[in-house]
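User: I have a structure open and would like to learn how to read it. Could you take me through its features one at a time?

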Amino acid sequence: STGSIFDLRAARKICSDMMRNGGSPGVGLHALPAFFLEPFVNIACSASTATSNNSELPSVQAAGLRLMTSVTNAFAAHVDPEDGSRVLSQYLSQIISSVRHGLNAESLATESTTGSSFHLLFSSGCDALYALLARELIADPVVMRRLVQPVLSLAADSLYVSYPEDHERDSLLLKTTHVTGDSRTFPLFDLSKLCFIAKVTVLVEQKRIQHTTIEMINNELPKTTRGLVSHSAAASIDGFFLDNHAHGERETITAGLTYKNRSDLDESVIRELRENWPILCVYSMLMLIESIKAERDECKGLSKWMTSLVPLIFNGFRSSLASQ
């Protein structure tokens, strides 16, 4: 199986069986990934903090973090046959340091020139952090708090916005406070934060992780989410229509709730919207239901957001069933 090539015990058995049977044509005994975990981690960590002449290399660093995420997802569940510990445990300090560097990209960007890919570095950092949380590799609450702090800051900065009429749409635009000419890419900072919060919240709601990890995450997740609801719902709706357009199911899109012109968005922002509209939709519905229960007197504006999201959910079900 695919999993066995990442499990050291299973990989050793594969090699023993191959040796016993005289080897298998075309397959090298040295080719199994389980034997190369340390080089994988070292390469990923080195790339994710790479510099040249004391200058950051965000494109290389983002690639390193993407490799880190792949390594984490592939090896997180496997244990060392010698002592029973998780194989990634001995590399966690390196991995966490690399992820922290990626999550610091927003502050690094203020010292950078336009178009230097710090937005992609931050997005990759968010993905790597989610992999660590989903695979339950962070056991220290202090470490978790320090890692998620740059991401969860969005909750405090987001104000609730009712479903907008045509003249009110500017209130939901993806914006940035950075003074930069790179306006097409900088929305990815806040969008990545929003997607991370949505994914972690849904992970907790589904109880796919241990209770102790859920408690740790809940202690860090924003207590007030009303401001995030409208922004996540708007991003979900825009991502849905952009994805439909990409699959030829909708005419050319010129504007959305979160952007005035499609040309205002970098392809990385469009890709993030398209890939994450389902999780943003689920998160929005969860938070809307909670908000409506808690704020019955103000549920009219919230209900309009929910009404707008329901068709997306049914369309998603239909697409999922059609792909079976």
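User: What pattern does the protein chain follow when read along the sequence?

Analyst: Read along the sequence, the pattern is α-α-β-β-α-α-α-α-α-α-α-α-α-α. The count is 12 helices and two strands. Keep in mind that this is a predicted model.

User: How much of the protein chain is made up of buried residues?

Analyst: A residue is called buried when its relative accessible area is under 20%, and exposed when that value is over 50%. Of the 324 residues in the protein chain, 47% are buried. As for the surface, the chain exposes about 16600 Å², and carbon and sulfur atoms supply 52% of that area.

User: What share of the contacts is between residues 24 or more positions apart?

Analyst: Among contacts with a separation of 6 or more, residues 24 or more positions apart account for 71%.

User: Is Val-99 buried or exposed, and which residues is Val-99 in contact with?

Analyst: Val-99 has 0% relative accessibility, so it counts as buried. Leaving aside neighbours within four places in sequence, Val-99 is in contact with Leu-65, Gly-125, Ala-128, Leu-129, Leu-132 and Leu-147.

User: How do I read the sides of a helix?

Analyst: Start with the general idea. An α-helix has 3.6 residues a turn, so residues three or four places apart point the same way. Now take helix 9, where Thr-213, Ile-214, Met-216, Ile-217 and Glu-220 are buried. These residues cover an arc of only 165 degrees around the axis, which puts them on the same side of helix 9.

User: Which exposed residues does the face of helix 9 turned away from its buried side carry?

Analyst: That face carries His-211, Thr-212 and Asn-219.

User: Glu-220 is on the buried list. Why does Glu-220 count as buried?

Analyst: Its relative accessibility is 16%, and because the cut-off for buried is under 20%, Glu-220 falls in that class. Glu-220 is in helix 9, which covers residues 211-220. Not counting residues up to four places away in sequence, Glu-220 touches Pro-141, Met-144, Arg-145, Val-148 and Leu-152.

User: Which residue forms a salt bridge with Glu-220?

Analyst: To find a salt bridge, look for a side-chain nitrogen of Lys or Arg within 4 Å of a carboxyl oxygen of Asp or Glu. Glu-220 forms one with Arg-145, and the closest N and O atoms are 3.2 Å apart. Glu-220 lies in helix 9 and Arg-145 in helix 7 (residues 141-157), so the pair ties together parts that are 75 residues apart in sequence. Arg-145 counts as partly exposed, at 40% relative accessibility. The side chains of Glu-220 and Arg-145 are also joined by a polar contact of 3.2 Å.

User: How many salt bridges are there by this rule?

Analyst: The count comes to six. One of them is between the side chains of Arg-12 and Glu-82, at 3.1 Å from N to O. Arg-12 lies in helix 1 (residues 8-20) and Glu-82 in the loop between helix 3 (58-75) and helix 4 (92-103), so this pair ties together parts that are 70 residues apart in sequence. Arg-12 is partly exposed at 37% relative accessibility, whereas Glu-82 is exposed at 60%.

User: Where do Lys-193 and Asp-190 lie?

Analyst: Both are in helix 8 (residues 187-205), three residues apart, about one turn of the helix. Lys-193 forms a salt bridge with Asp-190, with the closest N and O atoms 3.8 Å apart. Lys-193 is buried, with a relative accessible area of 4%, and Asp-190 is partly exposed at 26%. Salt bridges that share partners join Glu-106, Asp-190 and Lys-193 into one network.

User: Which residues form a nonpolar patch on the surface?

Analyst: Val-310, Phe-314 and Phe-317 form such a patch, and together they have about 320 Å² of accessible area. Val-310 is in helix 12, residues 299-322. At 31% relative accessibility, Val-310 counts as partly exposed.

Technical notes:
Residues are numbered from 1 along each chain as its sequence is written. This is a predicted model: local features need pLDDT of at least 70, side-chain atom pairs count only at pLDDT 80 or more; totals for chains, interfaces and linings use all residues. Side-chain values use heavy atoms; hydrogens and water are left out. Helices (H or I, at least four residues) and strands (E, at least two) are DSSP runs, numbered from the N terminus. A polar contact is a pair of N or O atoms within 3.5 Å; within protein, one must be able to donate a hydrogen and the other to accept it, and residues adjacent in sequence count only if both atoms are side-chain atoms. Contact means heavy atoms within 4.5 Å. Patches are made of residues with over 30% relative accessible area and no salt bridge: like charges are joined within 9 Å, nonpolar side chains (Val, Leu, Ile, Met, Phe, Trp, Tyr) within 5 Å. Accessible areas come from the Shrake-Rupley method with a 1.4 Å probe; for residues, only the protein chains shown count as cover. Buried means under 20% relative accessible area, exposed over 50%, partly exposed in between (1.4 Å probe, protein chains only). The arc is that of the directions from the helix axis to the C-beta atoms.
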